[in-house]
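Hi,

Here is the structure I promised to pass on. Have a look at it first, and my notes on cavities and aromatic rings follow below.

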Amino acid sequence: MGVLKYSINLSDHLLDSTEELKNLETFIDQIKAPICKGYVADAYPVNQKIINAMFRHKMHNKWGWDKDPKVNAELGKGVEGDFSKELDNGLRVFVEVEFGNVASVFRDLFKFIYMKVIGSYDIGILILPSEKDKFSAEIESIYSFQGVKKILEESKGSISVPVLLLGIEPDRSQDIDCYNLEPDWYPNRALGNGEKNPWKSQSKTFWDDFVKKHESKLFR
């Protein structure tokens, strides 16, 4: 349980002694799976919007990582990552937290290759859910740490940039029923006339406020 790791091109060696990686691994190890059964579909009870907000809460708000960095400023919007930071040792790190399909993973890997070629960043970190205990399958059947590890193993030598793959593998006995955190929200009470189901909100600010409010419950 906790955090899984797979390294190519000495990324683990380059990052191993840094406080930033230590903090990130500890944080991933403490994540509880936020459960909202039926908010998307019965087969996908894990709320990925809450998990994304959990990463923003820790990495941007608590530790000062830049949010939505561009691989290349000249390309404009649409090619951002999730977080970036220049470490005390001078290394520039670009982070993707991926809860998408295999096509999204290949876009992430190309961003890592491109950033190294143009010299905007030195190391890529790609964070994905583990498939253990059906965790990745319950987040809208997204691609897993194990799947990406297989891709990297089969394509050794084709990617020259240092990439650290981190897997989120929570203790499923610690799953948190997020409906219990908000007793005044649907489905604990009926929706009023014209009122929207708050669990379907797409606003990052909405979920950032939710995680800040319930931080003590969402992490072990």
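**Cavity and aromatic rings**

The search gives 1 cavity of 30 Å³ or more, where a cavity is a set of points on a 1 Å grid over the protein atoms alone at which a 1.4 Å probe fits but cannot get out. The model is predicted, with local features needing pLDDT of at least 70 and side-chain atom pairs pLDDT 80 or more, while totals for chains, interfaces and linings use all residues. Residues are numbered from 1 along each chain as its sequence is written, and side-chain values use heavy atoms, without hydrogens or water.

The volume of the largest cavity is about 40 Å³, counted as the space filled by probe spheres set on the points.

On to the rings: the whole structure holds 14 aromatic pairs (centres within 6.5 Å; planes under 30 degrees apart are stacked, over 60 edge-to-face, the rest tilted). Trp-185 and Phe-206 make a tilted pair, 5.5 Å centre to centre with 35 degrees between the planes. Trp-207 and Phe-210 pair edge-to-face, at 5.5 Å and 75 degrees. These two residues sit in helix α6, 3 residues apart, about one turn of the helix. One aromatic cluster takes in Tyr-179, Trp-185, Trp-199, Phe-206, Trp-207 and Phe-210.

Best wishes

Note on methods: On a 1 Å grid over the protein atoms alone, a cavity is a set of points where a 1.4 Å probe fits but cannot get out, and a pocket is an open set with protein on both sides within 12 Å along at least five of seven lines; lining residues have an atom within 4 Å of a point. Rings of Phe, Tyr and Trp (its six-membered ring) pair if their centres lie within 6.5 Å; planes under 30 degrees apart count as stacked, over 60 as edge-to-face and the rest as tilted. Helices (H or I, at least four residues) and strands (E, at least two) are DSSP runs, numbered from the N terminus.
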